[in-house]
Amino acid sequence: MFTGIVSALGRIESVSSNGGSGTGDGGRVLRIRAPYRGLKKGESIAVNGACLTVEKVAKGSFTVHAVRTTLGRTLIGGWQKGSAVNLERAVRAADLMGGHIVQGHVDGVGTVERVAPADDALLVDVRVPNEVEETTVLHGAITVDGVSLTVNALPRAGVVQVSLVPFTREHTTLGKLEQGDQVHVEADVLGKYVRQLCRSER
C-alpha cells in the first residue's frame with residue numbers, strides 16, 4: 001500500500017524485453033536509477049503509480065519487471081531510457097499518512113486536456129476513464145502518475161481537474177505536464193467500495 005506522497009524522482013536507465021515461456025514478449029524489464037538506500041529484493045515500489053516488485057538491487061538503482069498484463073493497463077510499454085518517473089516505497093505502519101490510501105493498481109490512462117496557471121497554482125484538466133469518473137467526487141482524492149491529489153473541480157463530464165502547488169511541480173514529474181500528455185490514474189479505493197456496495201444493493 002502507498003499514500004501517493006512521492007519520495008524520489010527516478011530515471012529509467014535501461015528497458016529490455018523479457019520473453020515469456022517461449023511464446024514471445026513476456027513484458028519489460030526496467031532498471032531505474034534512484035537515491036534509495038536499503039532496498040531489498042521483493043520490496044514493492046510505486047513507479048508512476050504502478051506497484052512493481054524489486055527483482056534486483058544495485059548501487060544507486062533497482063530492477064523491476066512489468067508483465068504483459070501490466071503493460072496492457074499502463075503506459076510502461078512506451079517508456080524509454082532517460083524518462084523521469086515518480087517513486088514511492090511501500091508505506092509502513094508507523095509512517096505518516098500524508099496523502100490517501102493508494103493501492104498502486106492503475107485503473108487506466110488519462111489524457112491531459114488543459115493546463116492553465118491560476119495565481120501560484122497550476123490547474124490541470126485530465127480526461128479519465130469511465131470507471132474513474134464514477135468513483136470521483138469533488139474535493140475527494142485521485143492519484144495521477146503516483147501523486148495523491150485533491151479533486152479541485154469536475155468541469156465537465158469525464159474530466160477531473162487537479163491543482164498543482166509549487167512543491168508538487170518541483171518534486172514530481174507533474175510540473176512538466178502539457179496538453180495531450182497521458183498519465184496513469186487511480187481512483188479513490190473508498191469510492192470503489194461504495195460503488196460496488198451500491199451495485200450489490202440493486
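**Exercise 1. Find which strands pair with β11, and how.**

Solution. Six bridges join strand β8 (residues 121-127) to β11, and the two run antiparallel. Strands here are DSSP runs of E, at least two residues, numbered from the N terminus. Pairing takes at least two DSSP bridges between two strands. Arg127 has Val159 of β11 as its bridge partner. Next, take β10 (residues 147-156): three bridges pair this strand with β11, again in the antiparallel sense. Val151 bridges to Val162 of β11. Two residues lie between the strands in the hairpin of β10 and β11, where Gly158 takes a positive phi near 80°.

This is a predicted model: local features need pLDDT of at least 70, side-chain atom pairs count only at pLDDT 80 or more, and totals for chains, interfaces and linings use all residues. Residues are numbered from 1 along each chain as its sequence is written, and side-chain values use heavy atoms, leaving out hydrogens and water.

**Exercise 2. Decide whether β11 is enclosed or open.**

Solution. Count buried residues (under 20% relative accessible area, 1.4 Å probe, protein chains only). Five of the six residues of β11 (residues 159-164) are buried, so the strand is largely enclosed by the rest of the structure.

How values were computed. Buried < 20%, exposed > 50% of the residue type's maximum accessible area, 1.4 Å probe, protein only. Helix = DSSP H or I, 4+ residues; strand = E, 2+ residues; numbered from the N terminus.
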